[in-house]
Amino acid sequence: TYLIEERINEAKDGFYKFINNGSAVPIDMTRQDASELSEFLAFTQHVQFYKTKGAVYLSDLQGSMELLTDPQIMTSPLIGEGAEIFGDGNVPSAFNSFPEQHCCNDICRWFQLPELAASADSDARSAVNS
């Protein structure tokens, strides 16, 4: 089996690491548009974490301004009863610290997403048990 990805035109937009899988904190960008995209991607992580009741979000977000490649699925260590799923990049310590590390931005606030830190533990347990 082969997986073929679309080639990213680095000469046009460059290649950026927006958010890595070891931290929920977006990487500082020098370009304003890259910084705005990084903020939007942090918002999407918040939505994913919230909508899955603290069970899953995507991280290791990288690519160009038009195409992301090679994301990492991050799951609660409670899912799969401790089995390693989605590879070595699914880092339990990073997942567990996501609610405290995520800083709500203007987009999170505009969509009135709840703060994560307060409800993360109970949400993850209820998602796994349902």
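## The side chain of S64

The side chain of S64 comes within 3.1 Å of the backbone nitrogen of E66, a polar contact in the sense of N or O atoms within 3.5 Å, where within protein one must be able to donate a hydrogen and the other to accept it, and where residues adjacent in sequence count only if both atoms are side-chain atoms. This is a predicted model, in which local features need pLDDT of at least 70 and side-chain atom pairs count only at pLDDT 80 or more, while totals for chains, interfaces and linings use all residues. Residues are numbered from 1 along each chain as its sequence is written, and side-chain values use heavy atoms, with hydrogens and water left out.

S64 sits in the loop between β3 (61-63) and β4 (68-69); helices (H or I, at least four residues) and strands (E, at least two) are DSSP runs, numbered from the N terminus. With 5% relative accessibility, S64 counts as buried, because buried means under 20% relative accessible area, with exposed over 50% and partly exposed in between (1.4 Å probe, protein chains only). Beyond its neighbours within four places in sequence, S64 is in contact (heavy atoms within 4.5 Å) with I8, D13, G14, F18 and L37.

S64 and Y16 are 48 residues apart in sequence, yet their C-alpha atoms are 6.0 Å apart in space. Setting aside neighbours within four places in sequence, Y16 touches M29, R31, A34, L61, Q62, G63 and M65.

Y16 also belongs to the largest nonpolar core, whose 9 residues are Y16, F18, I19, M29, A34, L37, L41, A42 and L61. Such a core is a set of buried Ala, Val, Leu, Ile, Met, Phe, Trp, Tyr and Cys residues joined through side-chain atoms within 4.5 Å. Two or more residues of this core come from each of β1 (16-19) and α2 (32-51), and α2 gives the most, with 4 residues. A second, separate core has 8 residues, among them F49, M74, A94 and L116.

How many disulfides does a search of the whole structure find? The search finds 0, with a disulfide taken as a pair of cysteine sulfur atoms within 2.5 Å. The sulfur of C104 has its closest cysteine sulfur in C108, 4.5 Å away, so the two are too far apart for a bond. Both residues are buried: C104 has a relative accessible area of 14%, and C108 has 1% relative accessibility.

N90 lies in the loop between β5 (72-75) and α3 (92-101), and counts as buried at 10% relative accessibility.
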